[in-house]
Amino acid sequence: MKSYKGKNILITGGLGFIGSNLASALVKLGAHVTLVDSLIPQYGGNPFNIADIRECVSVNVCDVRDSFALAYLLQNQDYLFNLAGQTSHLDSMVDPRTDLEINAAAQLSILEACRKVNPEIKIVFASTRQLYGKPDYLPVDEKHPIRPVDVNGINKLAGEWYHLLYNNVYGIQACALRLTNTYGPGMRVKDARQTFLGIWVRLLIEGKPIKVFGDGLQLRDFNYVDDCVRALLLAGASEQANGKVYNLGSKEVIGLKDLAKMMIELGYGGAFELIPFPPERKAIDIGDYYSDFSLITAELGWKPEIGLGEGLANTLAYYTEHHQHYWDANA
């Protein structure tokens, strides 16, 4: 990862979960890091996420929909890790236009700014496995049909394809990673807006039962945030990645009921209960999902290194110590 030492790096969504963990890794690699975050309350940016590196990074509170501010900030940057986004599937169905503005229109504006003020920049875009929709087969590889089941998936697909188009037509070096369920310290845990696993962590620490939808047999794979960060760094440093899309994922596949049991058995006590799917969630549920990530292993040498048990233990220990920075116990 020597390619990052002394380089100028912009991270959109930089005070969010993955962005802040990426920033920490880049600071250790000797990069000059600028973080952009809107700090809109429902999205996940949290200043505490960078408490340990605050003096080592520049922070600009700015919305990615502000094309003039982004054009200014993109000047003289060597890399852009484009992680800002509206990630709530339910919110995208309630307010589709805002999702469109952030996940599609703003992405086009960012790429246009790069084309005009910094065509040499390298971009890594955080995409999502949600694009695939309900799988035809498992594990899901990059050749699987694209069939989003919600507005968020459609807009994230547009954002991803804009990046690939600008790579192929304008020579703006860009690639995309389709992230699966990423978890770890810094994720939003006060509600289920970004990941169900976040609210499970909160409920467990508060001594309340974890609520598992349906029969709890739905299969999922998970990536600990350190593994996700390593994939982003490898993609950014690789010319071979330009114009490519890569799945992340894990060989460790688990049903949600068994995941709840695993979390409870880590020593925090608690319980789980099976409850019926809320109608609005059932309408966009994709059933079983886990990824084939052999392409990124073959081309960039990435594979997950942190097991689910270790990652969950780290996550629960972090929020046990720091929960006051992530949710109001009285809320």
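## Aromatic pairs

Rings of Phe, Tyr and Trp (its six-membered ring) form a pair if their centres lie within 6.5 Å; planes under 30 degrees apart count as stacked, over 60 as edge-to-face and the rest as tilted. By this rule the structure has 15 aromatic pairs. One of them joins F48 and Y326, which are edge-to-face, with 6.0 Å from centre to centre and 85° between the planes. F48 lies in the loop between β2 (32-37) and β3 (57-61) and Y326 in the segment after α11 (308-322), so this pair ties together parts that are 278 residues apart in sequence. Helices (H or I, at least four residues) and strands (E, at least two) are DSSP runs, numbered from the N terminus.

## Basis of the values

This is a predicted model, in which local features need pLDDT of at least 70 and side-chain atom pairs count only at pLDDT 80 or more, while totals for chains, interfaces and linings use all residues. Residues are numbered from 1 along each chain as its sequence is written, and side-chain values use heavy atoms, with hydrogens and water left out.

## Two domains

The chain is divided into domain 1 (2-182 + 221-247) and domain 2 (184-220 + 252-289 + 307-325); these bounds come from an automatic or database domain assignment. Taken over C-alpha atoms, the centres of the two domains are 24 Å apart. Domain 1 gives 32 residues to the contact and domain 2 gives 29, where contact means heavy atoms within 4.5 Å.

## The interface

About 2,600 Å² is buried between domain 1 and domain 2, and carbon and sulfur atoms give 60% of that area. Buried area is the accessible area (1.4 Å probe) that two parts lose on being put together, summed over both. In domain 1, the residues that lose the most area to domain 2 are F48, F222 and Y224, together 26% of what that side buries.

Zero salt bridges are found across this interface (a side-chain nitrogen of Lys or Arg within 4 Å of a carboxyl oxygen of Asp or Glu). On the side of domain 1 that touches domain 2, two or more residues come from each of α1 (17-28), α3 (89-94), β7 (181-183) and β9 (219-224). Of these elements, α3 gives the most, with four residues.

## Backbone exceptions

Most residues other than glycine have a negative phi, and most peptide bonds are trans. L39, in the loop between β2 and β3, has a positive phi near 55°. The peptide bond from L138 to P139 is cis, with omega near -10°. P139 lies in the loop between β5 (122-128) and α5 (151-170).
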